[in-house]
Amino acid sequence: YTYEWKQTSSSSSVFVDLDSHWSKEYVEGLYSRGIVNGKQRPDGSFIFDPSGKITRQEFAKLIVESEGLEPRLTSDINDFTDANSIDAWAKPYVATAYRAGLIAGSSDSYGNLRFNPKASINRAEIATIIGRTLGQQVSGSTSFVDDSGIPSWAKGYVKLCADRGIITGDQNNRFNATNSASRAESATMIY
């Protein structure tokens, strides 16, 4: 998202759809640091769309920005066989996150490395990426009631992020590893 912000209402929030949303503090904190932007509506106001899903390429931008990395488009993006599906604005962020070891992509049934840029990112993937920024991984089980549903490749990162208070479960203490993350959840985890 690359929109210029200009406040056009007396709303107490930068984004008109966040006035009473639980993620307001986190989203606006990231906005003030230049990490997230909203979407401009025809009336000139801005929304964040907190319940909307976030794609893998959008999250790559968030993580690169939040880590203070300089986005650069390099040829290693071509390691992904679906590199042509990555939007032009996102390619420098995806390349930078990949080069930094924050994202890895996944192999398709033919063994080709894919990024799936427009797919929604799930909670296990986000915890893994955030865990990689912390430079460590822990082992063991989490305290989530659905611990057995957390993929083995993500479990150590989920535990690390939960132990540090970066992620939490829902009201039933479920992590919901394969659920697509909302824009509000993503912003909160990055904050």
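Helices (H or I, at least four residues) and strands (E, at least two) are taken as DSSP runs, numbered from the N terminus. The model is predicted, so local features need pLDDT of at least 70 and side-chain atom pairs count only at pLDDT 80 or more, whereas totals for chains, interfaces and linings use all residues. Residues are numbered from 1 along each chain as its sequence is written, and side-chain values use heavy atoms, with hydrogens and water left out.

**View 1. Asp146 in the loop between H4 and H5.** Asp146 is placed in the loop that lies between helix H4 (123-134) and H5. Its relative accessibility is 9%, and Asp146 therefore counts as buried (buried means under 20% relative accessible area, exposed over 50%, partly exposed in between, with a 1.4 Å probe and protein chains only). Not counting residues up to four places away in sequence, Asp146 touches Asn173, Arg174, Phe175, Asn176 and Ala177, where contact means heavy atoms within 4.5 Å. A polar atom of the Asp146 side chain lies 2.8 Å from the backbone nitrogen of Asn176. Gly169 is 23 residues from Asp146 along the chain, and the C-alpha atoms of the two are separated by 9.6 Å.

**View 2. Lys155 in helix H5.** Lys155 belongs to helix H5, which spans residues 152-163. With a relative accessible area of 18%, Lys155 is buried. Leaving aside residues up to four places away in sequence, its contacts are Gly140, Thr142, Asp147, Ser148 and Ile150.

**View 3. The crossing of H4 and H5.** The axes of H4 and H5 come within 8 Å and cross at roughly 70 degrees; axes are lines fitted to C-alpha atoms, for helices over the stretch in contact, and angles run from 0 to 180 degrees between N-to-C directions. H4 and H5 are therefore roughly perpendicular to each other, given that angles under 35 degrees count as roughly parallel, over 145 as roughly antiparallel, 65 to 115 as roughly perpendicular and the rest as oblique. The crossing of these two helices, H4 and H5, is left-handed, a term used if the near helix is turned anticlockwise from the far one by less than a right angle, and right-handed if clockwise. Among the residues that make the contact are Ala124, Ile130 and Leu134 of H4 and Trp153, Tyr157 and Leu160 of H5. By class, this contact of H4 with H5 has ten nonpolar, two polar and two charged residues (Ala, Val, Leu, Ile, Met, Phe, Trp, Tyr, Cys and Pro count as nonpolar, Asp, Glu, Lys and Arg as charged, and the others, Gly among them, as polar).

**View 4. H4 beside H6.** The axes of H4 and H6 come within 11 Å and cross at roughly 20 degrees, which makes H4 roughly parallel to H6. The crossing of H4 past H6 is right-handed. Arg123, Ile126 and Ile130 of H4 and Glu185, Ser186, Met189 and Ile190 of H6 make the contact, and its residues divide into four nonpolar, one polar and two charged.

**View 5. H2 beside H4.** Helix H2 (residues 56-66) and H4 have axes that come within 12 Å and cross at roughly 25 degrees, and H2 and H4 are therefore roughly parallel to each other. H2 passes H4 in a right-handed crossing, with Arg56, Phe59 and Ile63 in H2 meeting Glu125, Ile126, Ile129, Ile130 and Thr133 in H4.

Key. Polar contact = N/O pair within 3.5 Å; in protein donor to acceptor, adjacent residues only side chain to side chain.
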